[in-house]
Amino acid sequence: MDFWENISGSINSNLLVEDRWRIMLDGLAVTVRVSLWSILLATAIGSLLCALRMNRRHWMQMAVRRYVELMRAVPILVLLLLLFYVILTDVPLSGMWVAIISFMLYFSAYFCETFRTGIEGVGRGQWEAGYALGLSPAVTFLKVILPQALVRIIPVFKGQIVTLVKSTSILGYVAVVDLTKSGDLIRSRTFDAFFPLLLVAAVYLILSWLLSLGLDMLQNRLTPKSRKI
């Protein structure tokens, strides 16, 4: 009885009093918004970087390679603070959009290498088979190479997306009230660290699980041996 009374008291004080659940819900909305925009933009930029990285022009390859090396060497938190307090300090952007730009720049480098590795993992003979059928290079890539490459890309891509979502927990450093910051705000009012942090961890777990589930379903549709007859 004492255990359930403590749980009930924690729920009441952390979520129900003063409608504090709204703080958590607003923080979750910010986390989801930043995550979705960052994933979309980083995927687009990563695809472009991959195309440049695989270009025959040596200077393009070297430029993208140096960019990837730079992003890998700088921690995401340092990049976020550098953009917010130094580079974009005079630009009229909210902290949320500075964070989206930071995640876009950072994870596009990782996505670029993931895409390149997956595409290069498809044998050269597949290109030649497409050409032998009279397909153009663009159609060969879309119809022959890309479906095979996605099977190799998605498992790694899934882990990177989950990492991106969890990395949004640093948004509080630039005055953005995300999911983690909202839990900290509740903690500062109730002086109960356990329940808000446990709830935040559970929400991140659910978000990561949903993303992994969606990408697993996509991978199963792309993998012939996984399809149900």
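## Cores and salt bridges in a predicted model

The largest nonpolar core here has 41 residues, and V34, F103, F107 and F111 have the most contacts inside it. A nonpolar core, by the way, is a set of buried Ala, Val, Leu, Ile, Met, Phe, Trp, Tyr and Cys residues joined through side-chain atoms within 4.5 Å. Buried means under 20% relative accessible area, exposed means over 50%, and partly exposed is in between (1.4 Å probe, protein chains only).

Before we go on: this is a predicted model, where local features need pLDDT of at least 70 and side-chain atom pairs count only at pLDDT 80 or more, while totals for chains, interfaces and linings use all residues. Residues are numbered from 1 along each chain as its sequence is written, and side-chain values use heavy atoms, with hydrogens and water left out.

The largest share, 12 residues, comes from α5. (Helices are DSSP runs of H or I with at least four residues, strands are runs of E with at least two, and both are numbered from the N terminus.)

Take a look at F111. Leaving aside neighbours within four places in sequence, F111 is in contact (heavy atoms within 4.5 Å) with I39, A42, T43, G46, F157, Q160, I161 and L164. There is also a second, separate core of nine residues, which includes L179, V200, V203 and L207.

Now for the charged side chains. A salt bridge is a side-chain nitrogen of Lys or Arg within 4 Å of a carboxyl oxygen of Asp or Glu, and by this rule the count comes to seven. Here are some of them:

| Salt bridge | N to O distance |
|---|---|
| R66 and E69 | 3.4 Å |
| E113 and R116 | 2.7 Å |
| D184 and R187 | 2.9 Å |

Where do these partners sit? R66 and E69 both lie in helix α3 (residues 58-73), three residues apart, or about one turn of the helix. R66 counts as partly exposed because its relative accessibility is 43%, and E69 is partly exposed too, at 42%.

E113 and R116 share helix α5 (residues 95-120), again three residues apart. Are they buried or exposed? Both E113 and R116 are buried.

D184 is partly exposed, with a relative accessible area of 31%, and R187 is partly exposed at 30%. These two are about one helical turn apart because they sit three residues apart in helix α8 (residues 179-190). Finally, salt bridges that share partners join R53, E113, R116 and E120 into one network.
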